[in-house]
Amino acid sequence: MKKLSARRRHPLAALVVLLIALAATGGLYATFAPTGKAQAEETSQSLAVEEGQKLFRVGCASCHGTGGQGSSDGPSLVGVGAAAVDFQVATGRMPLQQQGAQAPKKPNIYTQKEIDQLAAYVASLGPGPAVPEESQYDPAGGDVARGGDLFRTNCAQCHNFTGKGGALTDGKYAPNIDGVDPKHMYEAMQTGPQNMPSFPDKLLTTTDKQDIIAYLDEVGGDEAESPGGFSLGGLGPVSEGLFAWVFGLGALVVLTIWITARSAKARKS
Amino acid sequence: MSSQAGPDNENNGEHLPTVREGEEGKGVAVEERDPFANPGLPPHEPRKQDIDERAAKRSERTVALLFTVSMLATVAFIAAFVAIDVDKIVYIFPLGRVSALNFALGVTLGIALFTIGAGAIHWSRTLMSDVEVIQERHPIAATEETEAISKADWRQGTEESAIGSRKIIRRTMLGALTLVPLAGVVLLRDLGPLPGTKLRETMWAKGKLLINMNTDEPLRPADITVGSLSFAKPEGLKEGDHNFNNEIAKAALMLVRIHPGDIKDRKSADWGHEGILAYSKICTHVGCPVSLYEQQTHHVLCPCHQSTFDLSDGARVLFGPAGHPLPQLRITVNDEGYLYALGDFDEPVGPSFWERG
């Protein structure tokens, strides 16, 4: 005891006491608090909806409203469907870090199970597109050439011919699609996240979407081939010309200066 | 004037101030003050290779080595061309998965060309003579003698042809030479048929169904949801038709659906169907396909020069060089529930032209 009382005026003593008190309170609460009545309803779907609602209240309600009805800070989520939730949350775009021109892609903090629960809750608010099956978005099942045609008609204006992305107005941009999960590509086409227009099945059929995914996998996937070597961002002749004029000619000029700057004389001045 | 004056003048020019000052100031010391005196070439300094035969031999071997490497690289280039399969893909660290043939050809040809250049430069810098020599330009003017001969020739020619006295010949000749280029100007008319009304008309006409570019099916209003973007072509136009590219270049149509309450331009709302608006996809600046559609702001952006149009306000130009709003197509729905056009665009699509009005 003497040892303990000797240290009671130590600068960290208050902190230690505080930590012990907090741990005790939390432990007591966990022991005596009433347990959730989640077991009351048995079907896994309604369970997921309920769990999803809890997650929603914590992560989403501050902008989208407690019932997903939307607020001045975020749009209504009624009818956006499970596919939109899966895309936005699994790519880390939601929850939003801060309001801005566009929600950027960032590391996702939810497990797939939690995302499914959130999606089930949002889907319960109103009918919307469901999360696609793997057979719908598997790149192996698509026609690459036809997908290229469709991509250039519908997508290339913003995302560039090979999906490298590009700028829009006021800080918005079409992101680079290289390495994006095919499932998320499918969901983005179907739901139209943020300023991207949507391409519902009647306008761009499920087969069309799969063909586009196959094309993107061919030009931007992990196994994508670039026969020419330096793709220079795949941005087309402008970036290639800029590279040749600035770096190619620049290197030649520097080399020429280097050659003439060195004296060949025996007696260095 | 005289041919010999060139180099002499140069010398005079350089010493001119000195001479004049020398006459006026009558002192030799003035000559020392000349701030622009030509210092001349510095004395020639030998290189190591000029004084050391072993260094010269080393340089010789280096140059020969570079040329030999070039020969080997050319042989390797030919070998790669023969041996490597055109479809072979290999992984090379900073480049990624590239064509083995392209890579091998590029590297070997690069080495072959570079070593020739490097060898030549090394040769000229270390072994070829580096004594600076001055080569004077030859005078531009002809000698007086030559000038006199050509003047005499000219005078003799005019006298013998009598162009001065035979006025009718001189005048008709000038007339003929003036008129003959007109033939070339008239031929320009054959560069092509006049455009006629082609710039004012597209394939759209009353009753033509709107066909989805992706599915080749006629569009129904329910297909086009709010926030979606779709592209339509007129009924009867098929990809592969001989005039497909000419026609779609004018008739390309962009369809969006905006909540009717968000449409600011009343006429634009009336010309659409329940918020479905059909705009020309051809930018009114220089005719690029303008379809970078932001579904939340309803802005559409042209990728070429960033002209921005507000589709919720009659495609008003918000920004950029475009001079006109995008023309809108009047559409409605028929008894079978398909969208169709109520006529052609009421103004020419695409960029302005002189007679557009």
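**Entry 1: the cysteines of the predicted model**

I began with A:Cys63, which is partly exposed, with a relative accessible area of 24%. I keep in mind that the model I am reading is a predicted one.

I then searched the whole structure for disulfides and found 1 over all chains. As a reminder to myself, a disulfide is a covalent bond between the sulfur atoms of two cysteines. The one in this model joins B:Cys288 to B:Cys304, with 2.1 Å from S to S. I looked up where the two partners sit, and the pair links distant parts of the chain, 16 residues apart: B:Cys288 lies in the loop between strand E6 (276-280) and strand E7 (292-294) of chain B, while B:Cys304 lies in the loop between strand E8 (299-301) and strand E9 (308-310) of chain B. Going back to A:Cys63, I noted that this residue is in no disulfide, and that the nearest cysteine sulfur, that of A:Cys60, is 9.0 Å away.

The angle about the S-S bond of B:Cys288 and B:Cys304 is -105°, and I recorded the link as left-handed. Are the two partners buried or exposed? I found B:Cys288 buried, at 13% relative accessible area, whereas B:Cys304 counts as partly exposed at 35%.

Next I turned to chain A, which is divided into domain 1 (40-125) and domain 2 (134-223). I read the distance between their centres, taken over C-alpha atoms, as 23 Å. In the contact I counted 15 residues from domain 1 of chain A and 13 residues from domain 2 of chain A.

How much area do the two domains bury between them? I wrote down about 1100 Å², with 52% of it on carbon and sulfur atoms. On the side of domain 1 of chain A, the three residues A:Phe87, A:Ala101 and A:Gln102 supply 44% of the area buried against domain 2, more than any other three residues.

The side chains of A:Asp86 and A:Lys183 meet in a salt bridge, with 3.3 Å from N to O. I noted too that helix H5 (residues 81-90) of chain A gives the largest share of the side of domain 1 that touches domain 2, namely 6 residues. The count of residue pairs in polar contact between these domains of chain A is 4.

Conventions. Residues are numbered from 1 along each chain as its sequence is written. Chains are lettered from A and ligands numbered from 1 in the order in which they are written. This is a predicted model: local features need pLDDT of at least 70, side-chain atom pairs count only at pLDDT 80 or more; totals for chains, interfaces and linings use all residues. Side-chain values use heavy atoms; hydrogens and water are left out. A disulfide is a pair of cysteine sulfur atoms within 2.5 Å. Helices (H or I, at least four residues) and strands (E, at least two) are DSSP runs, numbered from the N terminus. Buried means under 20% relative accessible area, exposed over 50%, partly exposed in between (1.4 Å probe, protein chains only). Domain bounds come from an automatic or database domain assignment. Contact means heavy atoms within 4.5 Å. Buried area is the accessible area (1.4 Å probe) that two parts lose on being put together, summed over both. A salt bridge is a side-chain nitrogen of Lys or Arg within 4 Å of a carboxyl oxygen of Asp or Glu. A polar contact is a pair of N or O atoms within 3.5 Å; within protein, one must be able to donate a hydrogen and the other to accept it, and residues adjacent in sequence count only if both atoms are side-chain atoms.
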